[in-house]
Amino acid sequence: MKAIVCARYGPPEDLQYQDIPEPLPRGREVLVRVHATAVNDYDWSWVRGKPAIYRLLFGLFKPRHPIPGMELAGTVMGLGSKATRFQVGDAVYGDISAHGFGSFAEQVAIHEDALVHKPADLSFVDAAATPHAALLAYQALVTLGKLQRGQRILINGAGGGVGSFAVQIAKTYDAEVTGVDSAAKAESMRAQGFDHVIDYAQVDFARTHERYDLILDCKTKRAPRDSARALAPDGQYITIGGDLPRLLQLLFARMFGERQLHILALKSNVGLEHIHALYAAGTLKAVVDGPYPLAQAAKQIRRFGEGSHVGKVVLGVVPEA
Ligand SMILES: NC(=O)c1ccc[n+]([C@@H]2O[C@H](COP(=O)([O-])OP(=O)(O)OC[C@H]3O[C@@H](n4cnc5c(N)ncnc54)[C@H](OP(=O)(O)O)[C@@H]3O)[C@@H](O)[C@H]2O)c1
């Protein structure tokens, strides 16, 4: 089968698109034929081994697992001897990162708990775009942020995958939503439903007179306390990721009592039933950049890392039968 192989850390252009043996499902693993997969921040960090701290996770000198990729949508084609949750032919999808990686391949053997049944009305492409970004948005805004009807929300780093889901989820609460990203994404962000768009190169949102009930930061690039200046009284600031020193600053600030600052630790695939309900009601639509052929993974990982994508970058792998 074809797969994207990362033999050593380096630029995405070093990735190899090559033939490798098909995996065998063991124990509670299921073998999935991958129809679509998506590019994530992990992939950009993984293939380059940067920031270096990530090597503790991915492998000190070279990637422990040679195939990147952590989101997939596909069809079950085989079962390990102890797998019970799925049958051959089931359409499945999921964020597999809690159990392994390797979705940039035509097939993957993965623990059955990494997957859920794909609703029939959700395409494989949209499903691959969904579990990571939609749940980061949902768990940040609704589970942790306790979003209330009519609140004023600001999303920083809003032009990527998480922002595209977050604005739609916030709109189901009639929120007034401001998105911050580069000017190049403003038009697409307005089309996605943002009421206000701020170009971070021109305006510092924390130095305007606007105040927000909830700030969702998808790209924490500066001290969270600075961003929190734009909070209304009782407002909450929630980051999902960004520069490590900035995230550590937040943890210290919390230790010293700044309880309005939060970091979300994603629970993979938890709450997908809420996302299914939004899709079924027609209030959620995946914003897909692609799908591109798997062979283009290196190019698309570079586009993602350089921020020239909009929404979720999806790779089409094996066409559905
Ligand atoms: N909490 C968890 O458990 C967990 C798990 C996995 C991932 N994550 C995090 O989740 C985030 C992924 O979000 P995503 O998929 O939406 O990422 P994304 O698609 O890369 O979107 C991030 C956006 O931020 C913009 N941006 C860059 N610098 C900015 C700045 N200084 N101010 C405002 N915007 C800026 C980027 O555009 P330009 O580059 O064009 O500026 C891009 O559009 C990452 O931070 C990742 O680390 C969290």
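Q: What do the buried residues of helix 1 pack against?
A: In this predicted model, they pack against helix 2 (55-58) and helix 10 (297-305). Helix 1 covers residues 41-48, and its buried residues are Asp43, Ser45, Trp46 and Val47. Just after helix 1 comes Gly49, with a positive phi of about 65°.

Q: Why is Ala175 called buried?
A: Count its neighbours. Ala175 has 23 other C-beta atoms within 10 Å. The cut-off for buried is 20 or more. Ala175 has 23, so Ala175 is buried.

Q: Where does Ala175 lie, and which residues does Ala175 touch?
A: Ala175 sits in the loop between helix 5 and strand 9. Leaving out residues up to four places away in sequence, Ala175 touches Leu147, Gly150, Gln151, Ile153 and Ala170. Contact here means C-beta atoms within 7 Å. As for Thr143, 32 residues apart from Ala175 along the chain, the two C-alpha atoms are separated by 16 Å.

Q: What makes a set of residues a nonpolar core?
A: The members must be buried, belong to the listed nonpolar types, and be joined through C-beta atoms within 7 Å. The largest nonpolar core has 46 residues, and Val32, Ala36, Leu72, Ala128 and Val314 touch the most other members. Strand 3 (residues 29-38) gives the largest share of this core, 6 residues. A second, separate core has 42 residues, including Ala175, Phe194, Ile215 and Leu250. In soluble globular proteins, nonpolar side chains tend to be buried together.

Q: Which residues does Leu72 touch?
A: Leaving out residues up to four places away in sequence, Leu72 touches Val32, Val34, Thr37, Tyr93, Gly94, Ile96, Ser103, Val108 and Ala128.

Q: How are the residues around the ligand classed?
A: The shell has 10 nonpolar, 10 polar and 4 charged residues. Gly counts as polar. Of the 24 residues around the ligand, Gly157, Gly160, Gly241, Leu266 and Gly307 come nearest.

Q: How do you know where the domains run?
A: The bounds come from the domain assignment: domain 1 is 2-130 + 286-316, and domain 2 is 133-263. Their C-alpha centres lie 27 Å apart. The contact takes 9 residues from domain 1 and 11 residues from domain 2. On the domain 1 side, the touching residues divide into 4 nonpolar, 3 polar and 2 charged.

Technical notes. Residues numbered from 1 in each chain as written. Predicted model: local features only at pLDDT ≥ 70, side-chain atom pairs only at ≥ 80, totals over all residues. Near = placed C-beta within 6 Å. Helix = DSSP H or I, 4+ residues; strand = E, 2+ residues; numbered from the N terminus. Buried ≥ 20, exposed ≤ 12 C-beta atoms within 10 Å, placed from the backbone. Contact = placed C-beta atoms within 7 Å. Domains from an automatic or database assignment.
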